[in-house]
Amino acid sequence: MKINQNISAVIVNDQLLRNENSLSASVKKLSSGFKFNDPKDNPSGMAISFKMQAQIHALNRASLNATDGVSMVETIDGAMGEMTEILQRIRELCVQAGNDTNTMEDREAIQQEIDALKEEVNRISTATEFNGKKVLDGSLDRRTYVTSEEALPGGGTKEVSMYDKITNVIISDEVQAGDYPVTIDKAAEHATMIAPVPPATAIPATGKIEESMEGTISINGSKVEIKAGMTADEVYEAIRDAGEMGWVNVFATDGTQTLPLNVDNLDTQGYNKMPGGYQFGVQLGFVSQNYGSDESVTITCDNDQLAALLGIDGLPNATRTETIEYNWQTFGIEGDPNNAANPPQPAQGTTAGYTGTETKFTKEGEGTLYINGIAVAIKEGMTADQAYQAIAKALDKSGVTVGISGKNPAVDAFEFSDKLIFTTDQTGIRAEINIKYDNDQIGELLGLNGLSDVSATPPPTREIVSVEYKAVQKGEDAQVTIKDGTAIREEYTGQAVIRADGNQVVITDKSGFEMSFEVRGDIKNTEIKIEATDIGTLQLQIGANEGQELAVRVPILNTQSLYMDDLDVRKVGGPDRGMNTMDGAIAIVSAARSLMGAYENRLDYIQSNLDESEENMTKAVSRLGDVDMAEEMTEYTNANVLTQASISVLAQANDLPQQVLSLLQG
């Protein structure tokens, strides 16, 4: 037995330390709930656990991001919903204004409400925000840039912006980021008419409208009465106001074009305005307020002298149409009922008969024949006998009969060369035949121009009831190509189609590709480049890692993008235009709301997926790092028992040196 070195105590103490370490580790696991509390416990497991914990926190944050995205989309949809209600109300007002029971004052009141509602649409577009970020002003839509190459004086080219001439560019989601070249062959044109300089003889010496010049002028159906005594300024103001109501700008000009078109002179198509305003003898210019082949300027005037004074008779394609009326009247002979030699006689008229070669009425021969107020419609393609049958049918039971001289109408057909005989059933002075017709061909083919009776009544008198000068000019749609020579450019496919409506151009291609824009000003034979980017959209971080984003497009919605900024129900055809315009505007907003609904549904699914991923990831981390309390309790108990046993044995080992004293004392 050795006393210098208590080997037994050393051995027991060493084991005690091991048991205490095991007990300490077990206590730490039981108190923390983790399998490893220090990197040394499980280095790889701890690294994996921390990485998964980062994913869990990121997934939780991404789920909250998706929730914020839903809130933002709901805010946008709510604003669009209010906008839809406004558009529906405007369309209802257009329908109301279309009823002719409304006076101009009524339409003025309706237009005031429409103008207020249009302002509210623009206010919603500019004022709707989420967390201080504007959402309907186009700032959350994809950016597009429009440029063109401009030649430099010393050679070479530079890239210049075309946003002053190519506006309202809208692209679909299927348009990939990149450059899309487009050639503008010709910009859209307004319908334009410039009246010639009126002759000096047409200008009244008094400087005012004379009675012989009174008449009505119509501009696209908007009428104005020109009265005697009106000055040049009053005439100009009246015509200008009528043009405004007919979607036409009217201005005084010298008829020369000196400036290219730009946003400042579109209303005159580049023609010079007379600095001194309008005076009798100055040319008038007429320009439609809108572009395209569907737009026109139609001007009518019902007075020869007024048409000459204003130059309307010399407008391009101007035609003069006369409205005529033939009148013929005869009466029966009173006679003496008691005198067989002079009895009362009916009214009777006999036509002259046609001597030409026509066999049917032509388009120019259409009109109406009136016999004692009974109307007979004469139509294109009618033969002589068809016309006769129509007359006979109309006169049935009218007190006037029609027959054919020298023929039996029941057997023989009427020919234009035959003579018609009109006879009243009644006799005496009260028996009357009154014949009117409004077309030269009717009188010629039926022989009515040579009507006569037994009392030598003069033939029908021809009277010009009215004249009408009419000039019509249409605008032109923009002309655009995407070809390089004869082949479609490589940026598009062979299925690409261009549609131009006025100054609005739409390019469609396969797979939902659509790009639209408006062409303004004097631009022709110019190649532009539309650069589509992925910049500008609202990026929602809906994943735990880089690049896991959802791009949300929110299109700009205002009166310009909805093509309703010039809606005016006071103008001619304004209500009908308004209904069509609002149908389109409602469709645009509905499509945008549908897109918001799709985003909202997607975000809901994204949030559910993120929450489920977080749950599953948490389970994985739990399996990896959470301690099994039952198993660890067993380890703890074992370590505790061993520690207590080690302490007891250590106490006994420490007593061994004391036993040596008993040997020394013996």
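**Ground rules.** I am working with a predicted model, where local features need pLDDT of at least 70, side-chain atom pairs count only at pLDDT 80 or more, and totals for chains, interfaces and linings use all residues. Residues are numbered from 1 along each chain as its sequence is written, and side-chain values use heavy atoms, with hydrogens and water left out.

**The sheet.** I looked up the strand order and found an open, antiparallel sheet of five strands, S4-S3-S28-S6-S22. Strands here are DSSP runs of E with at least two residues, helices are runs of H or I with at least four, and both are numbered from the N terminus. Two strands pair if DSSP finds at least two bridges between them. S4 (157-161) and S22 (479-481) are the edge strands, each with a single partner, so one side of each has no neighbour in the sheet. From one strand to the next, the twist averages 35° (axes are lines fitted to C-alpha atoms, and angles run from 0 to 180 degrees between N-to-C directions). I then checked S3 (residues 144-151), which is joined to S4 by five bridges. Thr-147 sits opposite Ser-161 in S4.

**The largest pocket.** I noted a volume of about 1100 Å³, meaning the space filled by probe spheres set on grid points joined across faces, edges and corners. A pocket is an open set of points on a 1 Å grid over the protein atoms alone, where a 1.4 Å probe fits, with protein on both sides within 12 Å along at least five of seven lines; lining residues have an atom within 4 Å of a point. Of its 35 lining residues, Asn-290, Asn-503, Glu-518, Tyr-563 and Asp-566 are closest to the centre. Strand S12 (283-291) and helix H8 (574-625) each give two or more residues, and H8 gives the most, with eight. I count the lining as eight nonpolar, 15 polar and 12 charged.

**The second largest pocket.** This one holds about 690 Å³. Ile-170, Glu-514, Ser-516, Ile-588 and Ala-591 are the closest to its centre, out of 25 lining residues. H8 again supplies the largest share, six residues. The lining divides into 14 nonpolar, five polar and six charged.

**Aromatic pairs.** My search of the whole structure gave nine; ring centres must lie within 6.5 Å, with planes under 30 degrees apart stacked, over 60 edge-to-face and the rest tilted. Tyr-278 and Phe-280 are edge-to-face, at 6.2 Å centre to centre and 85° between the planes. Both are buried (under 20% relative accessible area, 1.4 Å probe, protein chains only). I also found Tyr-180, Tyr-492 and Phe-513 linked into a cluster by ring pairs.

How values were computed: Ala, Val, Leu, Ile, Met, Phe, Trp, Tyr, Cys and Pro count as nonpolar, Asp, Glu, Lys and Arg as charged, and the others, Gly among them, as polar. Rings of Phe, Tyr and Trp (its six-membered ring) pair if their centres lie within 6.5 Å; planes under 30 degrees apart count as stacked, over 60 as edge-to-face and the rest as tilted. Buried means under 20% relative accessible area, exposed over 50%, partly exposed in between (1.4 Å probe, protein chains only).
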